[in-house]
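Q: I would like to learn how to read a structure feature by feature. Please start with the pairing of strands.

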Amino acid sequence: MIEYNDYQKVYLNINGENRSVIIKPAQTLLDVLRSLGLTGAKKGCENGDCGSCTVLINSYPIKSCLTLALEAVGKQILTIEGLKNSPFQQAFVSHNAFQCGYCTPGFLLVCHSLSIHYPNADDQTIAHWLQSNICRCTCYQEITNAVKCKLKDILQTKKA
Amino acid sequence: MLPFDFCYYLPRSLSQAGSLFEKLQKNSAKPVFFGGGTELISRGRVGNITFGAAIDVKSIHELRQIKDTGKEIVIGGAVCLREIAESNVFPLLGAVVKRIADNTIQNKITLAGNLLGGIIYREAMLPLLLLDAKVVIYEKNSTKAVGIKDLYLKTPLLNEGQLLVEIRVDKQKTCLPWFHNKVVKSEKIDYPLITLCAVKENSCIKYAVSGLYNHPCIIDKESLKNIDINQVLDDHISSASYRVHILKQQIQNAHKELFS
Ligand code: FES
Ligand code: FES
């Protein structure tokens, strides 16, 4: 049985790199990521409602404000900083899918995970996934357009 | 960060988790079993609860399995809602859990978390009530199976130190024709105004509802006639009379759909 009390050194696999961190059980993953300078995951509600803190664990989106950092030991964590050249990033730009950008890292990670697990996602599935995140600038239509367009592109490229 | 310190344990077996809980309790260490942890973290952060030890049960094999034994469908307490929906082993339960919280949180909330947590709606309970599920509980080095109907009105559902290992349902019953609808006030992601589940067995429909009272329950024609409006939830989401109106409307919809 593994036991952690007080500060202890552990390894977190973040964006493909093993990072050693000294943490205590009360720290959320969001706190730890931000303390490492990975500030793409944002503090919004810290209550699981807004999705601005979303990161991927083993390719699925989770809200890092509701996850203890210790829960992520031994898993693959992907933050927006590690999402290099995702096709969705360009799609968000070309569809004007953000204004202030606070929600954008969370949305991009959700889209990335969606494209891994449901590359053929229908409108209902896309809506279901996007409902996990809130955009205070209300770019919902633009975000949906960007996602649909990019999923279609990815599928067509695969077929070709 | 949670505003209090605690120890975090990762037991690998039921017996490790059980004896650890007993030991910590004896030492007044205020242990809790930690599954998805969403409620413990959110309530802990705002000072609603504190605990001295979190026993993370997600590494215990029995709690993580989804099994089809041929006779029964078995789902472990630490299986997350997304895994239940994707497995499609119990389609009605899958449909229900897909509407609990949002898609991202469904990767974290566990079956046991929804059934045992402090949020009164416990929608995952509805299919289990309709299909007379058994709940397997671990306590003091032994497991026992209890009918969900003997349990669902208890608060809290389990005693301190009891661990929900798995739920079991008759596989044949999971194939019965079913209906599910969650009516919310305005946003799609919200607590239910009314969530209704129904199954049809031998031309007879059974209903279970969440959002009517402060606990999920089975409802039949008789209890529908005798609803005590003073017991019905009356809050910022909806008045009691509107909830009853929606319930009756949903029952009609279920009836129409299941007999069409
Ligand atoms: S900060 Fe995590 S969901 Fe809002
Ligand atoms: S772009 Fe401002 S919150 Fe979404």
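A: Two strands pair if DSSP finds at least two bridges between them. Strands (E, at least two residues) and helices (H or I, at least four) are DSSP runs, numbered from the N terminus. This is a predicted model, in which local features need pLDDT of at least 70 and side-chain atom pairs count only at pLDDT 80 or more, while totals for chains, interfaces and linings use all residues. Residues are numbered from 1 along each chain as its sequence is written, chains are lettered from A and ligands numbered from 1 in the order written, and side-chain values use heavy atoms, leaving out hydrogens and water.

Q: Which strand of chain A pairs with β1(B), and in what sense?

A: Strand β1 of chain A (residues 2-4) pairs with β1(B) in the antiparallel sense, over 3 bridges. To follow the pairing, find Ile2(A), whose bridge partner is Leu10(B), and then Glu3(A), which is bridged to Tyr9(B).

Q: Which strand of chain B is joined to β1(B), and how does it run?

A: Strand β3 of chain B (residues 53-56) is joined to β1(B) by 3 bridges, and the two run parallel. Tyr9(B) has Ile55(B) as its bridge partner in β3(B).

Q: How do I read the size of an interface?

A: It is often given as the accessible area lost when the parts come together. Here the buried area (1.4 Å probe, summed over both parts) is about 2900 Å² between chain B and chain A, with 58% of it on carbon and sulfur atoms. Of the area that chain B buries against chain A, Met1(B), Tyr8(B) and Thr104(B) supply 23%, more than any other three residues. Counting contacts (heavy atoms within 4.5 Å), 34 residues come from chain B and 32 residues from chain A.

Q: How many salt bridges cross this interface?

A: Look for a side-chain nitrogen of Lys or Arg within 4 Å of a carboxyl oxygen of Asp or Glu. The rule finds 4 salt bridges between chain B and chain A. One of them joins Asp102(B) to Lys63(A), with the closest N and O atoms 2.5 Å apart. As for secondary structure, β1 (7-10), α1 (14-26), α2 (38-45) and α3 (81-87) of chain B each supply at least two residues of the side of chain B that touches chain A.

Q: Is Lys150(A) buried or exposed?

A: Buried means under 20% relative accessible area, exposed over 50%, and partly exposed in between (1.4 Å probe, protein chains only). Lys150(A) has 16% relative accessibility, so it counts as buried. This lysine sits in helix α5 of chain A (residues 140-159) and, setting aside residues up to four places away in sequence, touches Pro87(A), Phe88(A) and Ala91(A).

Q: Which residues of helix α4 of chain A are buried?

A: In α4(A), residues 123-130, they are Thr125(A), Ile126(A), His128(A), Trp129(A) and Leu130(A). Their cover includes β5 (60-63), α3 (104-117) and α5 of chain A.

Q: Where is Leu193(B) found?

A: Leu193(B) lies in the loop between β9 (178-183) and β10 (194-201) of chain B. With a relative accessible area of 3%, Leu193(B) is buried. Beyond four places in sequence, the residues that Leu193(B) touches include Val183(B), Ile237(B), Tyr242(B) and Ile246(B).

Technical notes
Buried area is the accessible area (1.4 Å probe) that two parts lose on being put together, summed over both.
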